[in-house]
Amino acid sequence: MELKPLRQGSVPAGYKHTEVGVIPENWEVVATADLVEPTAPICYGVVQVGQDTNGGVPIVAIKYVKEIASSPLHRTSATLEEPYARSRVKGGDVLISIKGTIGRVGIVPEGFEGNISRELARLRLKPNYSAEYVAQQLDADSTQSRISRSVVGTTRLEFSIATLRKFELAVPKNRDEQRAIATALSDVDGLLGGLDRLIAKKRDLKQAAMQQLLTGQTRLPGFHGEWKPWTILQIAPNIIDYRGRTPLKLGMEWGGGDIPALSARNVKMGYIDCQEETYFGSDALYTRWMTNGHARKGDLVITTEAPLGNVALISDDRKYILSQRTVLLQVDPSIASSRFLHQLMMGGRFQQVLAENSSGSTATGIQRKRFEKLELTLPEVSEQTAIAEVLADIDAELAALEQRREKTRALKQAMMQQFLTGRIRLV
């Protein structure tokens, strides 16, 4: 295999300008209607799938278009499906979503027999076109951008069948080149799929470990002491609360600066996100505003209104201005480990208790007095520390896998940009 990169600048010899961009001269621009078998024109599927029927015909929906073989597909009765025989699918058909969530692409696995929902369109390709290549081309960022510009509707988005039929794709005339491109990209998809499965298994392991270790159902070696109940106010006697107020509401000016104000939008489950819309204040504002205490490394921030219960551990020495719908917990180290509490409060049991003690119709929240009285059952601090370390190790492994996945995704995007435009040729 030889890689031939396309030079930057004007269109070089061997390439041409087309409606979809610069492509090699021996590639063609083809409307999707000309890609498909004349006996199986592009069409959408079953309009009303009815109730799930045991033994019925499986119907592929948008949600499962990329995981058809392993998904719990809805099955409709043969009577409801029969009028839509034209949209039945078989192995190798390319599917693309055309209503609602536009542009999701999948390939029907070999041996599958069934139909599609009305939100999907089927492309049954002629023998000289590779289904894997066409699916990758439809999935490319540049193609997805063009699809987005062709979408109509406001409340219900639609990429119409008529528009899809006229939609053009760049395709190598040589089917071997199509397959070579598709194989290279599919290999990366395989890596991504493997990483996704590893991440899912690691998350399941983390949930199981939390359920066992944070409740005392499983004890780490060497720990046998009794767990004791404590209220949140006992655990964190210094709770800083500015819920419901912001400097803007009090008429203060933010005055520039680089000190982030933590509101509910910035506290995610497990981490602080200052990439979201964030107010930044000056040192002068910080001095005027943070009169009841200062955020410290090891403090916990938790949201007390929608989104209720997001909790993050402050892991740096940065200044923060505490803003609306959040409270800051400064933990008594003789009673609790902040890292242990962080894991405990992210767990399902605490989240359920928090929800049960919340109130409100338009914005669900928990009152400060009720929050302070919530009870947590804790082991000795030494056992808390050991449990937190076990869970932190799993978190580190999970973070490393997610980082690998993001790098692999970036690689896939770069490869698609080069291969699907012919900038790099696989000869």
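Visitor: Leaving aside neighbours within four places in sequence, which residues is Ile-96 in contact with?

Guide: Ile-96 contacts Gly-103, Arg-104, Val-105, Glu-119, Leu-120, Ala-121, Leu-123, Leu-138, Ile-147 and Leu-164, where contact means heavy atoms within 4.5 Å. Keep in mind that this is a predicted model: local features need pLDDT of at least 70, side-chain atom pairs count only at pLDDT 80 or more, and totals for chains, interfaces and linings use all residues. Residues are numbered from 1 along each chain as its sequence is written, and side-chain values use heavy atoms, with hydrogens and water left out.

Visitor: Which residues touch the most other members of the largest nonpolar core?

Guide: Ile-96 and Leu-125, in a core of 40 residues. A nonpolar core is a set of buried (under 20% relative accessible area, 1.4 Å probe, protein chains only) Ala, Val, Leu, Ile, Met, Phe, Trp, Tyr and Cys residues joined through side-chain atoms within 4.5 Å. A second, separate core has 35 residues, including Ala-236 and Val-331.

Visitor: OK, charges. How many salt bridges are there?

Guide: The whole structure has 16, counting a side-chain nitrogen of Lys or Arg within 4 Å of a carboxyl oxygen of Asp or Glu.

Visitor: What does Asp-139 pair with?

Guide: Lys-66, with the closest N and O atoms 3.1 Å apart. Asp-139 is in helix α3 (residues 131-139) and Lys-66 is in the loop between β6 (57-60) and β7 (74-76), 73 residues apart. Helices (H or I, at least four residues) and strands (E, at least two) are DSSP runs, numbered from the N terminus.

Definitions and conventions. Buried < 20%, exposed > 50% of the residue type's maximum accessible area, 1.4 Å probe, protein only.
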